[in-house]
Amino acid sequence: MKKSVLRKHVVLIGFSGSGKSSVGAHLADRMKVRFYDTDLMIEKARDMKIADIFDRHGEPGFRKLESDMIRTLCQPRIRPGVVALGGGAFQNPNSRKLLLACCHVIYLSCSTREIYRRLGQTTDRPLLRAKPKTGETLRQARLRQIGEMLRRRTANYRKAHHIYSTTGKTVPSAVTDLVRTIRRAYA
Ligand code: S3P
């Protein structure tokens, strides 16, 4: 995109590993707009890693910081850009309502298997530390946990204005497709 034509934020939602941060950063670059990553902004504001915030304040403490950050980003004084949300942020009804009213929301969907592959053995997501049940391997436990959480969240994710599947896509091809979608729908 030569010149930014964004009047509202483009907000990327979806499960961990769906590409919100990696696609979002490149998309913002291509569109010549700012990139906002709510997890990174929370970490910077609190000078703490997300995992430490969960340890110290629990999930409710983190969710409060997350919904406050979303409210701040939606203020009219904030220059429109591309926003990557944490995987659970769109489950909050107030945040969801606000985002759907004042932003272009795109759900980056992705299959359970590909999410599992992309996340690999990372343990930095406090909600994704699967414990194998008896007779289950760690791989099976992780796949089960991702599948269960994804199923619980999908109905809300699907309330986005657009849905784009990143399964089997590289970051550059996803960015090219999304630029086209945004131009067509929002420019
Ligand atoms: C979470 C996803 C994480 C982070 C936190 C909670 C979730 O972000 O916000 O660990 O509830 O799914 P990513 O989606 O960037 O992994």
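The model is a predicted one, in which local features need pLDDT of at least 70 and side-chain atom pairs count only at pLDDT 80 or more, while totals for chains, interfaces and linings use all residues. Residues are numbered from 1 along each chain as its sequence is written, and side-chain values use heavy atoms, with hydrogens and water left out.

In the description of each residue, buried means under 20% relative accessible area, exposed means over 50%, and partly exposed lies in between, with a 1.4 Å probe and protein chains only.

Which strands pair with β4? Two strands count as a pair if DSSP finds at least two bridges between them. Strand β1 (residues 10-13) runs parallel to β4 and is joined to it by 4 bridges, with L12 standing opposite I106 and V11 having V105 as its bridge partner. Strand β5 (residues 162-165) also runs parallel to β4, again with 4 bridges, and in β5 the bridge partner of S109 is S165. Strand β1 in turn pairs with strand β3 (residues 81-84) in the parallel sense over 3 bridges, where L12 stands opposite A84.

Rolling a probe the size of a water molecule over the atoms shows where empty space is left. On a 1 Å grid over the protein atoms alone, a pocket is an open set of points with protein on both sides within 12 Å along at least five of seven lines, unlike a cavity, where a 1.4 Å probe fits but cannot get out; lining residues have an atom within 4 Å of a point. Grid points are joined across faces, edges and corners, and a volume is the space filled by probe spheres set on the points. The largest pocket holds about 760 Å³ of space. Its lining is made of 39 residues, of which S16, K20, D39, G87 and R125 are the closest to its centre. The elements that give two or more residues to this lining are α1 (20-31), α2 (38-46), α3 (50-73), α5 (112-119), α6 (138-157) and α7 (171-186), and α3 gives the most, with 6 residues. By class, the lining has 16 nonpolar, 11 polar and 12 charged residues, where Ala, Val, Leu, Ile, Met, Phe, Trp, Tyr, Cys and Pro count as nonpolar, Asp, Glu, Lys and Arg as charged, and the others, Gly among them, as polar.

Charged side chains also lead to the next topic. Side chains of opposite charge can pair when their charged atoms come close. A salt bridge here is a side-chain nitrogen of Lys or Arg within 4 Å of a carboxyl oxygen of Asp or Glu, and a search of the whole structure finds 11 of them. In helix α3, R63 and E59 lie 4 residues apart, about one turn of the helix, and they form a salt bridge whose closest N and O atoms are 2.9 Å apart. R63 counts as buried at 19% relative accessibility, whereas E59, at 33%, counts as partly exposed.

In helix α5, the side chains of R117 and E114 meet in a salt bridge of 3.6 Å, N to O, and these residues are 3 apart, about one turn of the helix. R117 is exposed at 57% relative accessibility, while E114 is buried at 11%.

Two loop residues complete the tour. K32, in the loop between α1 and β2 (34-37), has a positive phi near 55 degrees although this residue is not a glycine, and K32 is exposed at 55% relative accessibility. D47, in the loop between α2 and α3, also has a positive phi of about 55 degrees without being a glycine, and D47 is exposed, with a relative accessible area of 70%.
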